[in-house]
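Look at the structure first, then read on.

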Amino acid sequence: AASGVSLASDACNGSASGQLSREEKEKREKAMKAKREREQRKPTVRRLLQLVTADWPLLILACLLLILAAISEVLLPHFTSLTISEIIKAQEKGTLATRPFKEPAIKLLITAAFCGILSACRGATFIWIGARASVRLRQGLFESLTHQEIGFFDTTKTGELTSRMTQDCQKVTDQVTINVNVFCRTIVQMATTLVFMLSLSVPLTAVSFVSVPVIVVISKKYGGVMRELSEQTQKALAEANSVAEESLSSMATVRMFAAEGLENIRFGGKLSVFASLMCRQARFYILYLSGSIFLPNSVTALVLFYGGKLAMEGQFKAESLLAIWAYLQTMNSNFSTLGDFYTNMVQAIGAATRVFELRGREPELPLDPPPEAARRAPRLPEGALQMEGLRFNYPARPDIEVLKGLT
C-alpha cells in the first residue's frame, strides 16, 4: 500500500513537473517570438531612408540641384586662389595697373551667385520632402495606435504615446531629411575637390588622407555610444511627459489629496534622469569633438610642411600651395560632416526605435475578424450566448486571474 501511494505521488509530481515545464516552454517561446518581432520592427538606416525615397521625383530634383550647387561651391576656392595668385604675380612683375585679376574675380562673383541660388532651391526642396515624410510617419503611427486593442492602452501611458507622436517623429524626420541633404552634398563636394587636388599634386593629396582611418574609427565608436544614449534619452523624456500628462489631466484629484509636492518630486526625478543622460552625452561629445578638430588641423600642418619641402626641391609650384590649402580645408570640413552624418543617423535610429515598434505592432485583438471567420458565420445569428470555462485577466496584471473557469 505504501509503495502504491509513493508511486501515485511520484506520478502526480511527474505530471506537475511536466505541466510546469510545458508552461515554461510556452513562456519561453512567447518571449522568443516577441524578441523576433521587435528585431523585425527595429529601425535601420535603410528603413529610415525609405521615409524620403517615397518622394523619388522630388528627391531626384533635389539631387540634381545639389550636384550643381556642390560643383559651384567647389569652384569658389579655385577662383579665389586664382585671383590671389594673379595679384601676387602682377605685384612681382609690376603690372597691377593692367588688372590681370579682373577676369578670375568676375568668374568668382558669377559662381557665388549660381551657388547661392542653387543651394537655396536645394534646401527648399529637401524641406518639402521632410514635411511629407513627417506626415507619412505620423499618419502611419496614429493609424497603428487606433487599431490596437483596449488592453494596450491600459499598459501604455498616454503621455508616452503623445511624446512619440510629436517629439520622436519630428526628430526622426528632421535628422533623416537634413542628413540625406548634407550627405549627398558632401559626397559630391569630396569627389570634385579630390579631382582638383589630384590635378595639382598627387603626393600632397595622398598625405592629406593620413587621418581618414582614425576619424572613421572614432566616428564609429562615438556613433555606437550616441545611439544607446539617444534611445535612453528619448525614453526618459517620454516618461517625464507621461508623469506631467497624468498630473495635469487629473489636477482635481491631485489638489484633493494635496499631492502637488509629490507630483513635483516625481516629475523632477524623471527630469533628473534625462539631465544625467544629457550630461553623459556632453562628456562623450567633448572627447569626440576635440579629436575631430585636432586631427584635420594636424594633417593641414603636415601637408603645408611637405608642400614647402616639395617647392624647395622644385617639384611643386609655391603659388599652388594656397589652392591646396583651400581644398584641404574643404576636404576636412567634408570628413567632419561625414562623421556627424553617421552620428546623427545613429541618434535618429535611437529615437525611432519605439516609434517603429509602435507602428509595426500587431494588435492582439484585431478590429475586423479574419475572412475565414466571416465566411463561417451564419447568415442569421440566433443570439444565444453560452459561457463555458471562461478565464480572464487584465492586461496590466497578466499574472492575476480574475475569472477562473466561469461557466
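Arg266 is partly exposed, because its relative accessible area is 34% (buried means under 20%, exposed over 50%, partly exposed in between, with a 1.4 Å probe and protein chains only). Glu263 is buried at 14%. The two form a salt bridge, with the closest N and O atoms 3.0 Å apart. A salt bridge here is a side-chain nitrogen of Lys or Arg within 4 Å of a carboxyl oxygen of Asp or Glu. Both residues lie in helix α10, three residues apart, about one turn of the helix.

This is a predicted model: local features need pLDDT of at least 70, side-chain atom pairs count only at pLDDT 80 or more, and totals for chains, interfaces and linings use all residues. Residues are numbered from 1 along each chain as its sequence is written, and side-chain values use heavy atoms, leaving out hydrogens and water.

## A network around Asp55

Salt bridges link Asp55, Arg132 and Arg136 in a network. Asp55 is buried, at 6% relative accessible area. Arg132 pairs with Asp55 at 2.9 Å between the closest N and O atoms. That pair links distant parts of the chain: Arg132 is in helix α4 (residues 102-146), and Asp55 is in the loop between α2 (45-53) and α3, 77 residues apart. Helices are DSSP runs (H or I, at least four residues), numbered from the N terminus.

Arg136 also meets Asp55 in a salt bridge, at 3.1 Å, N to O. Arg136 lies in helix α4, so this pair ties together parts 81 residues apart in sequence. Arg136 is partly exposed at 28%.

How values were computed:
Helices (H or I, at least four residues) and strands (E, at least two) are DSSP runs, numbered from the N terminus.
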